[in-house]
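The sequence and structure come before the details.

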Amino acid sequence: MESSANTTTTALVAAGPRSRTIYVFSLCAIFLAVAIVFVLGLHLAVRKSDELSAQRQSREIAQAVSNGLDDLAQAQEGAAVWDLLAWELAKPMPDWAWVDENVGQWLHGLFRHDALYILDGADRLVYGSANGQALPPGEHADILQDIGQFVDLVRGRRTRQNNPHERLPGQPLAADNSLRTTPAAVHATDVAIFRGRPAAVSVMRIEAPLHGAASDDRAPLLVNVRYLDGSFLRDLSRNNQIEALHFHRFATGQAHDGEYATELVSSEGKRLGYLMWLPDLPGSELWQALLPLLAATLAGLGGIIVLLSTRTYRLMGQQARNLEQLRSAHVELRAREAQAHHLAFHDVLTGLPNRALFNNCVDQALGRTRTGDSFAILLLDLDRFKHVNDTWGHLAGDALIQEFASRLSGAVSTQDTVARLGGDEFAILAKGRTPQSIAVLADAILAQVRRPFEVLGNRAFVGLSIGISFAPQNGTDRAELMRKADIALYRAKDEGRDRYCVFSAEMDETVKVRAAIEEDLRRALASPGELQVFYQPQIDSQTHALIGVEALARWNHPVRGPISPQLFVPIAEDTGLINPLGQWVLAQACRAALKWPGLSVAVNLSPVQFQSGGFAEAVTSQVLAAGVHPSRIELEVTEGVLVDDDQRVRTALNTLRKNGFRIALDDFGTGYSSLSYLRKFEVDKIKIDRSFIQSIGQAADSTPIVSAVVTLGHAMGLTVTAEGVETPEQRDFLATAGCNEFQGFLFSKAVSEDEISRLLERADPGWQAQPPA
Ligand code: C2E
Ligand code: CA
Ligand code: CA
């Protein structure tokens, strides 16, 4: 270095003063031009970065207010759509202390709602609470001045283009219920000035869900208020790191130095005020940090002119280092921008990588398999998650997902990637592991999920199924690996859930197996003996007499042995074989009904069967031709048949009922659990699903649910059957609750036709309960 500097200096000196001046001058000009372009470019980047940051914060504030509205209504729905509250308010003298404890204090304590009111059918204020304290009668009587418009909207006395946070009377529910963020109950929700303060306000109709959707526009109303200038703003400011966030009623422009403002506007376009804050300006901060460096660089440039003739190269080295620092500062600015971009790759609820990022990670990992790396993909799916959502609401579902995500993150190692793919589906990318250590990981995760989840004060039990594929063994293409992990996941579910399955080539044969089962079933339908119908006794809850049976298909495969209807019925449904199978079961059931004049015989109908034209007529003529009166046959349909609200299904069910068949709603409570279907589709009986019966005495809230279903079923003139009764405790509870009929292993599993005939020949007509099978 020293010697080359000396050589150049020597060369310049040798070139003479004139050419040395030209050389120094042009070097300076080049440096200056580069420096100016650089400084300008940097400044532009700084401003752009500040602008992006302020825009992002403004969006965050708007989003938080929007979420605040949805959260308010969501939380409120937990109290408003609640039979116990509706019933309490319908009493001549409601117990206000109970209302205060279970509604006022509850919503304040759990969700920090600031004020809460109940209006009666004539819009009179009958209960009020502020800050979790019940108000003396007469206080806040003037709130209608502020929320009169909300009340009119909910009562249907006024309409408007409703906003996405509310559901006004007459507005249909979104087709996919699981995607909605706003509750299904009728409510008007918006920002407003309430008692002189900006607030999120929601006015919701109080309904009794087990009575079906209420349409009474004189229902009492629940009014919930969360002020936007109190704890709400403090939370927002803390969670999103927004500095000095406060509310101003009137425009003060940029009130203080550097303050930004976002308008708070109601959905009808009314400006309520301004949310003001000190924006985070990452670019300016960086700029200030860089200024000394820039000044030093420019000063250095001046120095260069003087010193070029002697120490040219050394200074140029310094200059190069300064420029390098500038360049890295620029890189940092870009990184901050990238960070904002990064947000697009994470799931908001759990903070985990989303599907897009997961796909990227898998693709990168696949790239490294060429150099000998290996990894595993685990696909995870929660079982019974929908049940938690349906029973306790979306907030509980969200809380469960968050808790599950954190348990999952705790179970994996730092180099693994956990992602939420959507809904209750998660995935893990685990690098460089042996199949043994993956098995240990999967077991650890399953153990985590077996612990109950505490969600919003409830204990929920969910199950988990895991499917696993390995790269490069199972493939070197992302789609293929995901498909194989998915096949393994379905196998895990099929094998009874709460377990993991590793993909194996044999599973890919599943498709072939299904084809083989289809072919064998076709053959079995034509050959006698392989298929049979077994009958499960149905018992009168009071007399314990055998009063009916349910026909259940049984298949004893010559090679595979007994195949569960849970396996072959879905295949029969997919392939259309359910039609001949259904006809065959019905034929057997008719023959049996003739043998047992005292018993009713229940037959399961698949939704697929309703799709063929003239179905009701075909069933009727088949039964009449067999010499059986339709009143002897009970047809079991699942809620799945009813939800489509298909005219064809409605007509078919009505025809069947008109022709004398009785209709039973099977697996009640597992699907859409709405008694409102019972109004639209007339049925004679509901069969409460065994998952409810089995949680009697275990899940705290299943017992009141079962009692409520029995009571309301009776109020609608329906017979109520309990399925899957396995213990004397369940039987006794159900008898007390008023259930009419029992079916379950406590009495008997499904048995052959001969066995039923033998039972009927027994002298004692009463049913001796059997110990569980
Ligand atoms: P399902 O209609 O809900 O039938 C009741 C199922 O619960 C039967 O299982 C029965 O054996 C079982 N079960 C009864 N009591 C108890 C109990 O106390 N504890 C427990 N754990 N289980 C009990 P199975 O026979 O395996 O039938 C499964 C499903 O297959 C049926 O559910 C029904 O959906 C379908 N299926 C069966 N036969 C037919 C048929 O002929 N046609 C149609 N479309 N579907 C059928
Ligand atoms: Ca059934
Ligand atoms: Ca059932």
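The sections below take up the basis of the values, then each site, then the sheet.

## Basis

This is a predicted model, in which local features need pLDDT of at least 70, side-chain atom pairs count only at pLDDT 80 or more, and totals for chains, interfaces and linings use all residues. Residues are numbered from 1 along each chain as its sequence is written, chains are lettered from A and ligands numbered from 1 in the order in which they are written, and side-chain values use heavy atoms, with hydrogens and water left out.

## Ligand 1

Around ligand 1 there are 22 residues, counted as near if a heavy atom lies within 4 Å. The closest are Gln 536, Arg 554, Arg 690, Glu 726 and Phe 745. By class the shell divides into 8 nonpolar, 7 polar and 7 charged residues; here Ala, Val, Leu, Ile, Met, Phe, Trp, Tyr, Cys and Pro count as nonpolar, Asp, Glu, Lys and Arg as charged, and the others, Gly among them, as polar.

Polar contacts are pairs of N or O atoms within 3.5 Å. A nitrogen atom of ligand 1 lies 2.5 Å from a side-chain N or O atom of Glu 726, and a polar side-chain atom of Gln 536 is 2.9 Å from a nitrogen atom of ligand 1. For Arg 554, a side-chain N or O atom is 2.9 Å from an oxygen atom of the ligand. Alone, ligand 1 exposes 800 Å², of which the protein buries 84% (Shrake-Rupley method, 1.4 Å probe). Strand E18 (546-557) is one of the elements that give two or more residues to the shell, and E18 gives the most, with 4 residues. Helices (H or I, at least four residues) and strands (E, at least two) are DSSP runs numbered from the N terminus.

Asp 666 is buried, at 7% relative accessible area, whereas Asp 667 is partly exposed, at 25% (buried is under 20%, exposed over 50%, partly exposed in between; 1.4 Å probe, protein chains only).

## Sheet

An open sheet of 6 strands runs in the order E3-E2-E1-E6-E5-E4 with antiparallel pairing, where pairing takes at least two DSSP bridges. Strands E3 (133-134) and E4 (187-194) are at the edges. E2 (residues 125-130) and E3 are joined by 2 bridges, and Ala 130 stands opposite Gln 133 in E3.

Key:
Polar contact = N/O pair within 3.5 Å; in protein donor to acceptor, adjacent residues only side chain to side chain.
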